[in-house]
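Thanks for coming, everyone. Please look at the model on the screen, and I will walk you through a few places in it.

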Amino acid sequence: SIAMRTASVVIAFAAGGVLGATLAFRVRDITRLCAKVIGYRSVVTQNDSSQAPEDSRGIATTVTDGPLLDDEILEEQFTRNIQFFGREAQSKIMGSFVVVIGLGGVGSHAANFLLRSGVGKLRIVDFDQVTLSSLNRHAVAVRADVGISKALCMKQHLAARLPGGDGGGGVNALYEAEREEELLAGQPDFVIDAIDNIDTKVHLLAACHRRNIPVLCSGGAGGKADPSKVRVGDLAESVADPLCRAVRTQLRKNHNITRGIPVLMSTEKQRCDLVWSGDGDDMSNYQVVPNFRVRTIPVLGPIPAVFGMACAAYVLTQLAEQPFHSDPIIPLKMDQYETLYHRLVSRAEDKWGVSQVHVDQEDVVYIVKELYGGRSARSEPRPGKGLHRTTHDLELTLWDASRPAEVDNLVLLTRDEADIHDAMSLAELETSEPVFFAHVERALRKSRRENGFPGDHRW
């Protein structure tokens, strides 16, 4: 039989700078479903005595080979996921390991939907307890949960969603650099950072970056109200979010990290300031631990839920190798698209000797926004540029000079890059720059698919 590695997802969320209560949750029945529906035969044995014991951190045991287990209920439970991703992609989700740190408004919703979508193993981390004030935004907590740890609360509710899963105990822990090996042990496939303390986020993100662990950083959901402003962008574009902006500064200053970490954030301006209800007392008297924030920000409950579900969607599509791409953080204005269209017409006349192109201004909007995200196909997010998008040096040019200017045959480049591209053949480009060539080909295949073009014009 084919051995399948149990999925582990670590969701990191430490409210106010503390990571703790590590909880590992391995879902035995997900593996059964994977065995039945996708064809794997590696499952957790029914005999608990044959499993390796959990360690003091509550990390779940590994799977062992066993007979094929049938479970019609679970097959039906995950039918929509298999239909959406396909069997091979869903098997990747079921065979991944994810860590979620922080189980407040964002992290609890992320963990909830990761489990509902078939992730096989969750390590969930939080030091804090459920409070009455957290019930307006937590994914699963009810009044009966007030006073217990968020990790235990999530464990109990997640078990109800997938009966038969194994849950380990939790340990209260202060997240420090020395805890890196403990919290990130087991080579996780993805980490979700839902921490709202700057120093702790920086430590975690730097550790993931150094260990080459894919990580998604969640920005601040407090003080926001417009769910349509939530975006995924690069760390270099995170200046619209106060929390992410501060994290970006510290990562650049202390760890020389300027880009390459995806950030989920809202571009909406924060509506509320931090509040303090200590009636003039020394705020340090109210800290749970040193550097733990004692002021809070008002939170509209649905927005952390949107953040958490967006985190789950991002991670799931990455694990399935079917990623989505958000709109540009700041959209271009229509006069910028119009300018790009007129530059294309002028280039056709001056460079290619033709008087018309087979695209209109609306096609240009689609090409620039949907295919290239408002920047040169050769560019990466640049540190310091933040949300500023300029098109003063951008032009559309033919990708394949043997074909006309159509919606599936244009590439967005700087003027100098476009001139160099026009002087090369596609065969030369494919040989000299295969990564760039493949990047643009993927974008143009997307255009052909979405615009109803029959097949691939090149092959």
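Asn212 is exposed, at 68% relative accessibility; exposed means over 50%, buried under 20% relative accessible area, and partly exposed in between, with a 1.4 Å probe and protein chains only. Asn212 sits in the loop between helix 8 (198-211) and strand 9 (215-218). Helices (H or I, at least four residues) and strands (E, at least two) are DSSP runs, numbered from the N terminus. Asn212 is not a glycine, yet its phi is positive, near 60 degrees.

Some ground rules. This is a predicted model, where local features need pLDDT of at least 70, side-chain atom pairs count only at pLDDT 80 or more, and totals for chains, interfaces and linings use all residues. Residues are numbered from 1 along each chain as its sequence is written, and side-chain values use heavy atoms, leaving out hydrogens and water.

Next, Glu321. It also has a positive phi, about 60 degrees, without being a glycine. Its loop runs between helix 10 (302-319) and helix 11 (334-352). Glu321 is exposed, at 57%.

Now the cysteines. How many disulfides does the structure hold? It holds 0, a disulfide being a pair of cysteine sulfur atoms within 2.5 Å. Take Cys244: the closest cysteine sulfur, in Cys217, is 4.3 Å away, too far for a bond. Cys244 is buried, at 1%.

Last, helix 15 (residues 434-450). It has 17 residues. Its buried residues include Phe436, Phe437 and Val440. Just after helix 15, Gly452 takes a positive phi of about 75 degrees.

How values were computed
The expected span of a helix is 1.5 Å times one less than its number of residues.
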